[in-house]
Amino acid sequence: MAQNVIAIYPGTFDPMTLGHEDVVRRATQLFDHVIVAVAAGHHKKTLFSLQERVDMVRSAVEPFPQVEVATFGGLLRDFVVARGGKAMVRGLRAVTDFDYEFQLAGMNRSLMPDVETVFLTPSDKYQFISSTFVREIAVLGGEVDKFVSPLVQERLAEKVRSLGRD
């Protein structure tokens, strides 16, 4: 294995799920340094602010000293190149993710020929979890404790209360 390989794991993480955490753990077993890149999310309407998402991600990755959390806006390519990334980590949950991720990997290879995309699958128990589902369940008053960490669960409950939907 090459030394000091930096991998970037980009996403909006709105919110960070146990599936995301599992992908981070798996990435730390393959790469020397992993940067979880939290997207400003200008193309998506996020439930949590950028700072709230960063705080939740930082809490989740605390057990991994080789993981850094950073934010980015604009082209991911610019962030990856500026940080010296040699690999991009993407989580694949199901076949339905593959088509989109395959196209994205092709586009990223065109923009960053020296950066490899690595697909990691979360543990079976997390394969169906998505941030979108978690947000919907929480906003509708459902239990999300099996899908997110206790801190994220607490933050979701606070957010739902602040929206007046509890």
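Predicted model: local features only at pLDDT ≥ 70, side-chain atom pairs only at ≥ 80, totals over all residues.
Residues are numbered from 1 along each chain as its sequence is written, and local features need pLDDT of at least 70, side-chain atom pairs count only at pLDDT 80 or more, while totals for chains, interfaces and linings use all residues. Side-chain values use heavy atoms, with hydrogens and water left out.

**View 1. Five strands form an open sheet.** Read across the sheet, the order is β3-β2-β1-β4-β5, with parallel pairing. Strands here are DSSP runs (E, at least two residues) and helices are DSSP runs (H or I, at least four), numbered from the N terminus. Two strands pair if DSSP finds at least two bridges between them. At the edges sit β3 (67–72) and β5 (116–120), each pairing on one side only. From one strand to the next, the twist averages 30 degrees. Look for β1 (residues 6–11) beside β2 (residues 33–39): six bridges join them in the parallel sense.

View 2. Axes are lines fitted to C-alpha atoms, for helices over the stretch in contact, and angles run from 0 to 180 degrees between N-to-C directions.

**View 3. Helix α2 (residues 50–61) meets helix α6 (residues 150–162).** Their axes come within 10 Å and cross at roughly 160 degrees. That makes α2 roughly antiparallel to α6 (angles over 145 degrees count as roughly antiparallel). On the α2 side, E52, D55, M56 and S59 make the contact, and on the α6 side L151, V152, R155 and K159 do. By class, the contact has three nonpolar, one polar and four charged residues; Ala, Val, Leu, Ile, Met, Phe, Trp, Tyr, Cys and Pro count as nonpolar, Asp, Glu, Lys and Arg as charged, and the others, Gly among them, as polar. Also in α6 is S162, which counts as exposed at 55% relative accessibility.

**View 4. Helix α1 (residues 18–28) is largely enclosed by the rest of the structure.** Nine of its 11 residues are buried, among them L18, V23 and V24. Buried means under 20% relative accessible area, exposed over 50%, and partly exposed in between (1.4 Å probe, protein chains only). At the N-terminal end, T17 caps α1: a side-chain oxygen lies 3.2 Å from the backbone nitrogen of G19.

Terms used. Parallel < 35°, antiparallel > 145°, perpendicular 65-115°, else oblique. Contact = heavy atoms within 4.5 Å. Polar contact = N/O pair within 3.5 Å; in protein donor to acceptor, adjacent residues only side chain to side chain.
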